[in-house]
Amino acid sequence: MKKYGFGVDIGGTTCKIGLFETAGHLVEKWEIPTDTQENGKNILPDIADFLYKKMEERRVPGEELEGIGVGLPGPVRMDGIVPVCVNLGWKDLNVSKELEAMMKGIPVKAGNDANVAALGEMWQGGGRGHKNVVMVTLGTGVGGGIIVDGKIVSGSNGAGGEIGHITVNPHEEISCNCGRKGCLEQYASATGITRLARERLAREHKKSLLDETGELSAKVVFDAYKEGDGTAAEIVEKFACILGNALSNIACVADPEVFVIGGGVSKAGEPLLDAVHKYYCRSAFSSCADTRFALASLGNDAGMYGCVKLILD
């Protein structure tokens, strides 16, 4: 095993880049803008130029690099092709092959950003010590990553782990961002929780701490919940029931040792875990009932960690 590896987590606005020791220590991290003009044709050359610059500054020769792992906001097929990456303007691009050529043969491996974040949490975060992990990212949407026996489950089309688009309500009339209706994301994301709150407050109304807030948000709901507010408790219970039931179904397929919960909503902490775990236990298959729940611990760096783990595997 060589001493160093780069983790490159490409987002629609910035690319997060980290230099790691392959033992798992983050040496230094940076961000560079993501140039999405002209269908993102400059993104990989910009990354290659930056990596060469940092290798020179840090005096890291190519012979000491195990490789470069890349996380992308889109599906990555088993053959390395990115069929479409809307946020970056890419279509049918083999990222690994292209960047590897720019880096003069230094190995490059690419994966979906949610999947590599799960891999990072398994390696050095909330799932550390386990090889069967499901990560759930509760942010603006709901992302996920499934790790079985230490390996990402990406599937034939790179869509493995898209748990945010499991159908949890076949009677939903409002469309999800994906175009379908009744997806988990519509109820368990930050925007979904806010929607549940608005719907609850529009019905029979009773005095609530939520009345005193300027603008509804998932954080506001959980803050009121922690204060013992009855209306907030109803909203959180509905959210927890939907998510807990969905995770119990996922457990029947993936049978993880631990569910790692991350994303902005997870900042609600243990009260969130407790609420979701309660409903999970009520509907879980008996063999999966003891699955642990843990909070993600790597924050926005999880993707970079996972990218490095990707090349180590």
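**Points on the predicted model**

1. The count of salt bridges comes to 12.

2. Arg-58 belongs to the loop between H2 and E4, while Glu-28 belongs to strand E3, so the pair ties together parts that are 30 residues apart in sequence. Arg-58 is partly exposed, its relative accessible area being 38%. Glu-28 is likewise classed as partly exposed, at 28% relative accessibility.

3. A salt bridge is also formed by Lys-206 with Glu-234, whose closest N and O atoms are 3.0 Å apart. Lys-206 is found in the loop between helix H6 (190-202) and helix H7 (218-226), and Glu-234 in helix H8 (residues 230-254); the pair therefore ties together parts that are 28 residues apart in sequence. Lys-206 counts as partly exposed at 40% relative accessibility, and Glu-234 counts as partly exposed at 34%.

4. Helix H8 also contributes Glu-237, which pairs with Lys-278 of helix H9 (residues 270-283), so parts that are 41 residues apart in sequence are tied together. The side chains of Lys-278 and Glu-237 meet at 2.9 Å, N to O. The relative accessibility of Lys-278 is 34%, which places Lys-278 in the partly exposed class. Glu-237 is partly exposed as well, with a relative accessible area of 21%; the cut-off for a buried residue is under 20%.

5. Glu-172, Arg-195 and Glu-199 are linked in a network of salt bridges.

6. Turning to the sheet, 5 strands form an open arrangement in the order E3-E2-E1-E4-E7, with mixed pairing. Its edge strands are E3 (26-33) and E7, each of which pairs on one side only. From one strand to the next, the twist averages 20 degrees.

7. Val-8 stands opposite Val-70 in E4. Helix H4 (residues 113-124) packs on the sheet and touches E1, E4 and E7. The direction of H4 makes about 105 degrees with that of E7.

8. Which residues of helix H3 are buried? In H3 (residues 95-102), these are Val-95, Ser-96 and Leu-99. Viewed down the axis of H3, the buried residues fall within an arc of 90 degrees, so they line one face of the helix. Lys-97 and Ala-101, on the other side of H3, are exposed.

9. What covers the buried residues of H3? The cover includes helix H2 (43-57) together with strands E4 (65-72), E5 (81-85), E6 (90-94) and E7 (108-112). Of these elements, E4 and E7 are members of the sheet described above, and both are touched by helix H4.

Technical notes: Residues numbered from 1 in each chain as written. Predicted model: local features only at pLDDT ≥ 70, side-chain atom pairs only at ≥ 80, totals over all residues. Heavy atoms only, no water. Buried < 20%, exposed > 50% of the residue type's maximum accessible area, 1.4 Å probe, protein only. Helix = DSSP H or I, 4+ residues; strand = E, 2+ residues; numbered from the N terminus. Arc of directions from axis to C-beta. Contact = heavy atoms within 4.5 Å. Pairing = 2+ DSSP bridges. Axes fitted to C-alpha atoms, helices over the stretch in contact; angles between N-to-C directions. Salt bridge = Lys/Arg side-chain N within 4 Å of Asp/Glu carboxyl O.
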